[in-house]
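Visitor: I am new to this structure and would like to learn how to read its features one at a time. Could you take me through them slowly?

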Amino acid sequence: MKFYSTNNKALRVSFKEAVFNSLPADKGLYMPEAIPQLDPYFIKNIQQYSLQEIAFTVAQAFIEDDIPADVLRDIIADAINFEAPVKFLSPDTAVLELFHGPSYAFKDFGARFMSRVMAYFSGADDALLDVLVATSGDTGGAVALGFLGVAGTRVTILYPKGKVSEIQELQLTTNGQNIRAIEIDGTFDDCQALVKRAFNDPELNEHLRLTSANSINIARLIPQTFYYFYAYAQLKAQGSDRVVFTVPSGNFGNIGAGLLAFKMGLPVEQFVAATNANDTVPRFIKSGKYEPKPSVQTLANAMDVGDPSNWVRIQDLFDNNLDDLKSMITTYTYTDKETKAAMEQLHHTYHYVACPHTAIAWLGSQAYRGEHPGSYGSVFLSTAHPCKFPDAISEQVFSKIKLPVGVEQLHNKSKVVEAFSADYAVFKNYLITHK
């Protein structure tokens with residue numbers, strides 16, 4: 001399978017080159033030259049397969065023979081060694097829990113898969129691979145744990161000062177070894193801009209072998225399709241083959257992966273993108289004008305993205321046809337006040353403790369069902385463990401959470417972090433002088 005740039009469909013690169021380059025020189029994003037179509041028999045009988053078997057089938061459709069089948073199976077077995085259960089809160093509404101990996105966030109799927117793919121492609125004599133990643137909350141922790149101790153790699157994580165939770169910050173700053181963290185005095189968009197500029201800096205790329213671990217990297221996007229297929233398999237096992245997915249959306253990589261799965265043949269009735277006050281995409285869907293704005297800090301910090309990078313991929317999937325986009329994507333936007341009320345209601349009604357992102361997804365799923373009643377399964381995505389958001393959840397509800405052992409251990413580790421302004425010259429000098 002070859003990959004092109006969203007800014008140049010004539011461009012063709014290998015999967016390996018797309019993974020290591022992360023961003024094409026023309027500043028587009030890599031996309032597969034053709035969307036692979038899965039065997040209808042596989043889809044019809046998908047409930048018979050495990051998560052790992054589904055992941056292998058989907059990944060191989062993209063990667064083909066760029067990675068031998070036996071090696072790819074081993075990569076998936078090692079990377080996706082946790083579950084993604086669908087739990088029903090009512091007969092027609094379920095939550096897809098994606099926080100059962102080591103960093104307690106859905107981004108473990110992409111980060112762990114990508115790190116092992118990079119390790120496979122990196123030769124013993126290759127130069128050190130510098131992985132740059134901007135995070136608004138959960139990406140950094142997943143990448144840190146995904147790459148921790150991986151030979152031949154060094155990870156630099158940028159996160160916005162004062163805009164991640166305490167546990168998220170500890171996950172970024174207490175790893176040591178080949179992981180280093182930089183606190184940027186700015187927003188996530190500032191962090192993302194620094195990373196993107198670094199990739200397009202010829203001088204810097206002469207000094208360092210750079211790649212990205214953000215969802216701009218195609219190796220992050222592909223494994224995120226796995227859990228959509230697996231969720232559908234679990235619904236089919238329960239006797240339902242109609243599904244609407246509601247996705248808490250920030251940088252739009254998560255829902256982008258779902259739409260990619262849909263284009264591969266996954267039967268999905270509709271996708272609902274539920275956002276917080278950072279509503280660039282909902283405004284675009286309504287007006288047809290894409291007008292990014294500076295990100296606004298909210299309780300759902302991983303969604304605090306004013307100019308979502310992955311939106312160009314979604315537009316590409318639909319050939320930039322707004323009417324086609326509207327036929328598959330419904331959007332809703334929620335305030336912090338509504339998010340808090342939703343967390344309380346989820347606990348009161350279902351005894352379910354949800355993080356702010358999950359609560360926003362639930363609100364979107366309820367709004368869509370109110371406007372579109374029917375006999376489908378409504379699945380909303382839970383993208384992070386609620387233990388990561390003690391300041392966003394009421395003390396009474398938070399007290400019901402049983403903290404994972406790994407979270408308790410974080411508080412016994414020392415934090416190591418650099419602090420910079422959002423000045424590219426300062427960031428570039430750091431990368432060059434701290435090899």
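Predicted model: local features only at pLDDT ≥ 70, side-chain atom pairs only at ≥ 80, totals over all residues.

Visitor: Which residues line the second largest cavity?

Guide: Its lining consists of Met31, Leu221, Phe252, Gly253, Gly256, Leu260, Asn310, Arg313, Ile314 and Leu317. The elements giving two or more residues to that lining are H12 and H14, where helices are DSSP runs of H or I with at least four residues, numbered from the N terminus. The second largest cavity has a volume of about 50 Å³, a volume being the space filled by probe spheres set on grid points that are joined across faces, edges and corners.

Visitor: How many cavities of 30 Å³ or more does a search of the whole structure find?

Guide: The search finds 3 cavities of 30 Å³ or more, and the largest cavity holds about 250 Å³ of space. It is lined by 25 residues, of which Phe106, Lys107, Gly250, Asn251 and Ala302 are the closest to its centre. H12 provides the largest share of this lining, 3 residues.

Visitor: What volume does the largest pocket have?

Guide: The volume of the largest pocket is about 260 Å³, and among its 16 lining residues Lys27, Leu29, Lys196, Ser309 and Val312 are the closest to its centre. Helix H8 (188-199) and helix H14 (311-317) each supply at least two residues of the lining.

Visitor: Why does Val58 count as buried?

Guide: Buried means under 20% relative accessible area, exposed over 50% and partly exposed in between, with a 1.4 Å probe and protein chains only. Val58 counts as buried because its relative accessibility is 0%. The residue sits in helix H3 (residues 51-63), and, leaving aside neighbours within four places in sequence, Val58 is in contact (heavy atoms within 4.5 Å) with Leu38, Thr225, Phe226, Phe229 and Met264.

Visitor: Which residues touch the most other members of the largest nonpolar core?

Guide: In soluble globular proteins, nonpolar side chains tend to be buried together. A nonpolar core is a set of buried Ala, Val, Leu, Ile, Met, Phe, Trp, Tyr and Cys residues joined through side-chain atoms within 4.5 Å. Of the 97 residues in the largest one, Phe15, Tyr228, Phe229 and Phe245 touch the most other members. Apart from that core lies another, of 39 residues, including Trp362 and Phe398.

Visitor: What does the side chain of Ser365 reach at 2.7 Å?

Guide: A polar contact is a pair of N or O atoms within 3.5 Å; within protein, one must be able to donate a hydrogen and the other to accept it, and residues adjacent in sequence count only if both atoms are side-chain atoms. The side chain of Ser365, in helix H17 (residues 356-371), reaches the backbone oxygen of Trp362 at that distance. A polar contact of 3.4 Å also joins the side chains of Ser365 and Gln366.

Methods: Residues numbered from 1 in each chain as written. Heavy atoms only, no water. 1 Å grid on protein atoms, 1.4 Å probe; cavity = no way out; pocket = protein on both sides within 12 Å on 5 of 7 lines; lining within 4 Å.
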